[in-house]
Amino acid sequence: QVQLVESGGGSVQAGGSLRLSCAISGYAYTSKCMAWFRQAPGKEREGVASIYTISGTFYYADYADSVKGRFTISHDNAKNTLYLQMNSLKPEDTAMYYCAADVWDQLCRARPLAAGGFDYWGQGTQVTVSS
């Protein structure tokens, strides 16, 4: 059974940083499309960043325009943990952040990322940025 568990959310002031983690267990496939999504109250879930690996080898990462240059997605294969380093945070980054995983390369290449395509999800971690 695949499980994703996020951690690292919290409250910060604008301009601050946070690092989110997503521990992945039970995932048996060699290819991995992993992504971070976020959802603010009253808004649709939106893709933030994605990363694609095969047998732990990094292939590519991509970002939504709204976070490009501020957020960095990474994956530690030895720990099987997905990360999202968030710098220069803005109040509009406030949302529940979710990690997601699936097999297909096409999911990672889609622009915008399609939440409906991912089979595996974490429970979410809240990020609040105050001005």
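Where is the place of serine 21? The place of serine 21 is in strand β3.

## Basis of the model

This is a predicted model, in which local features need pLDDT of at least 70 and side-chain atom pairs count only at pLDDT 80 or more, while totals for chains, interfaces and linings use all residues. Residues are numbered from 1 along each chain as its sequence is written, and side-chain values use heavy atoms, with hydrogens and water left out.

## Overall form

The chain has one helix and 11 strands. Helices (H or I, at least four residues) and strands (E, at least two) are DSSP runs, numbered from the N terminus. The order from the N terminus is β-β-β-β-β-β-β-β-β-α-β-β.

A compact globule of 131 residues would have a radius of gyration near 14 Å, and the chain agrees because its own value is 14 Å. That radius is taken over C-alpha atoms, and the globule rule is 2.2 Å times the number of residues to the power 0.38. The C-alpha atoms fill a box of roughly 40 × 25 × 25 Å along the principal axes.

Buried residues make up 44% of the 131 residues. Buried means under 20% relative accessible area, exposed over 50%, and partly exposed in between (1.4 Å probe, protein chains only).

## Nonpolar cores

A nonpolar core is a set of buried Ala, Val, Leu, Ile, Met, Phe, Trp, Tyr and Cys residues joined through side-chain atoms within 4.5 Å. The largest one has 29 residues, of which Trp36, Leu82, Leu84, Met86 and Tyr97 touch the most other members. Strands that each supply at least two residues of this core include β3 (18–25), β4 (31–39) and β9 (95–102). A second, separate core has 10 residues, among them Ala35, Phe37, Tyr52 and Leu107.

Contact means heavy atoms within 4.5 Å. Beyond four places in sequence, tyrosine 97 touches residues including Glu6, Phe37, Arg38, Leu84, Met86 and Val127.

Serine 21 counts as buried because its relative accessibility is 15%. Leaving aside neighbours within four places in sequence, serine 21 is in contact with Val5, Glu6, Ser7, Trp36, Thr81, Leu82 and Tyr83.

Serine 74 is placed in strand β7. With 30% relative accessibility, serine 74 counts as partly exposed. Not counting residues up to four places away in sequence, serine 74 touches Ile51, Thr81, Leu82 and Tyr83. Serine 74 and phenylalanine 58 are 16 residues apart in sequence, and their C-alpha atoms are 9.0 Å apart in space.
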